[in-house]
Amino acid sequence: MLKKFGELVKRRGIKVFVIDQYNKIRIKGGSQNINDYTNDYLNQIDVFCRKYKALVYLVAHPTKMQKEEGSETFKMTTAYDIKGGGEFFDMSYHIIGLRKKTEYSLVEMKTLKVKFNHLGQPDETAFVAWNKFNGRYQEIDWNPEFHPNQEIENWDTKCLIEPTNAQENQTDVF
């Protein structure tokens with residue numbers, strides 16, 4: 001996969017990649033324990049990013065989630081909730097946790113780790129809601145813990161991504 005990403009950098013100038021979901025990726029011939037395997041895989045991604053000056057978002061789903069007592073909302077996940085989680089925490093530059101706040105139809109985003117302080121702060125929280133007008137999540141400026149029944153106003157009704165002429169004419173499929 002990283003070899004294909006390298007080709008996309010060279011041929012198309014693409015510099016941002018998403019691997020979703022990490023839990024289903026396997027290195028060929030790997031018979032190591034989960035910590036060594038995770039360490040090797042994350043090192044390969046780090047080498048790729050440095051070589052091509054690219055960014056890889058790695059989506060890793062937790063092994064099992066527990067609900068908050070008396071609620072349909074799950075507890076906020078941590079890096080340690082992923083198989084090989086200790087390696088994830090040690091080797092990642094940034095970790096963001098996501099959880100659905102089912103009662104409010106929101107998604108909570110929380111920074112769990114920030115290696116470089118000029119790029120953010122740990123334990124910061126933001127809430128996003130599904131914008132039915134443009135089909136994307138949109139940050140909302142309120143916290144459901146303090147305003148649980150507040151209606152969301154001021155939806156952005158324009159599309160956030162507008163195709164360029166090159167994108168409209170592109171027919172390549174990967």
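Which helices and strands each supply at least two residues of the lining of the largest pocket? I find α2 (34-52), β2 (55-59), α3 (85-91), β3 (94-101) and β4 (106-114). Helices (H or I, at least four residues) and strands (E, at least two) are DSSP runs, numbered from the N terminus.

Ground rules first. I'm working on a predicted model, where local features need pLDDT of at least 70 and side-chain atom pairs count only at pLDDT 80 or more, while totals for chains, interfaces and linings use all residues. Residues are numbered from 1 along each chain as its sequence is written, and side-chain values use heavy atoms, with hydrogens and water left out.

**Pocket.** I get about 1,500 Å³ of space in the largest pocket. A pocket here is an open set of points on a 1 Å grid over the protein atoms alone where a 1.4 Å probe fits, with protein on both sides within 12 Å along at least five of seven lines; lining residues have an atom within 4 Å of a point. The volume is the space filled by probe spheres set on the points. I count 42 lining residues, with Tyr-57, Leu-58, Val-59, His-94 and Ile-96 nearest the centre. β3 gives the largest share, 7 residues. By class, the lining has 29 nonpolar, 7 polar and 6 charged residues; Tyr and Cys count as nonpolar, and Gly as polar.

**Helix α2.** I checked its length: 19 residues at 1.5 Å a residue should span 27 Å, and the end C-alpha atoms are 27 Å apart, which agrees. The expected span uses one less than the number of residues. Its buried residues (under 20% relative accessible area, 1.4 Å probe, protein chains only) are Tyr-37, Thr-38, Tyr-41, Leu-42, Ile-45, Phe-48, Cys-49 and Tyr-52. Seen down the axis, they fall within an arc of 120 degrees, so they line one face of the helix. I noted that α1 (2-12), β1 (16-20), β2 and α3 are among what covers them, contact being heavy atoms within 4.5 Å. On the face turned away, I see Val-47, Arg-50 and Lys-51 exposed (over 50%).

Most residues other than glycine have a negative phi. Lys-53, in the loop between α2 and β2, has a positive phi of about 50 degrees. I read Lys-53 as exposed, at 70% relative accessible area. Asp-123, in the loop between β4 and β5 (125-131), has a positive phi near 65 degrees. Asp-123 also counts as exposed, at 55% relative accessibility.

Note on methods:
Arc of directions from axis to C-beta.
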